[in-house]
Amino acid sequence: MTFTETNTALAMPRDLRQDHDTLREIMHRFATAMERGVDTFDTVLHRERVAFSQLFHAHVAAEETMTTVALRDGPLSAAPPIPMTVLRRDYSGHISTWTPPRIKTDWLTYRRAVLTLQGTLLRRLDWEERELHPRLLQRRPALIVSAGPSSSGPSSPAPQHTIAANWRASAPSGSRSG
């Protein structure tokens, strides 16, 4: 990482916690819309899929840059439940595999694949907030604007444990793991 990249990472105005809250909110809307059936893909799900992808990629890039800077003092105490490289590979494979025509012909399998991938990402977000974000805050408090619940007011999404529990309850049998 160059000097300029390091300074850019430290000056980034990205609120990682807000990104997580927004990613959770999009995933929740997506899971809820999937319950209405395949016809929601054209009207709702495609738009949510694009919004998620754009935020996910921007967030991962910013967080990786900040992490590189913050972890110069040493590694984290707990390993992530899934390495980001694996999560990115799985997400990219999911998007490549699940084209709109295939989604429409194999809706139930698609729904299970989405809910499984969402569960993996939720575990990763929880780990980041528990292990990574405190380390980033120690290094430079401005890297993560809000360390607590979202500051977006009354419309902030439900806590992740509530959303995850609701998804598990609504997921097809065998499609979600803890």
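Predicted model: local features only at pLDDT ≥ 70, side-chain atom pairs only at ≥ 80, totals over all residues.
**Aromatic rings and a buried histidine**

The charged end of Arg-102 lies over the ring of Trp-98, at 4.1 Å from the ring centre.

The structure contains 6 aromatic pairs. One of them joins Phe-30 and Tyr-110, whose rings are 6.5 Å apart centre to centre, with 65 degrees between the planes. Planes over 60 degrees apart count as edge-to-face, so the pair of Phe-30 and Tyr-110 is given that description. This pair links distant parts of the chain: Phe-30 is in helix α2 (residues 16–34) and Tyr-110 in helix α6 (residues 107–139), 80 residues apart. Both Phe-30 and Tyr-110 are buried.

The rings of Phe-52 and Phe-56 have another geometry. Their centres are 5.7 Å apart and their planes are at 10 degrees, so this pair is stacked. Phe-52 and Phe-56 are in helix α3 (residues 40–70), and because they are 4 residues apart there, about one helical turn separates them. Phe-52 and Phe-56 are buried as well.

Helix α6 also holds His-133. Is His-133 buried or exposed? Its relative accessible area is 4%; the cut-off for a buried residue is under 20%, so His-133 counts as buried. The side chain of His-133 makes a polar contact of 3.0 Å with the side chain of Glu-63.

Technical notes: Residues numbered from 1 in each chain as written. Heavy atoms only, no water. Phe/Tyr/Trp six-rings, centres within 6.5 Å; stacked < 30°, edge-to-face > 60°. Helix = DSSP H or I, 4+ residues; strand = E, 2+ residues; numbered from the N terminus. Buried < 20%, exposed > 50% of the residue type's maximum accessible area, 1.4 Å probe, protein only. Lys NZ or Arg CZ within 6 Å of the ring centre and 35° of its normal. Polar contact = N/O pair within 3.5 Å; in protein donor to acceptor, adjacent residues only side chain to side chain.
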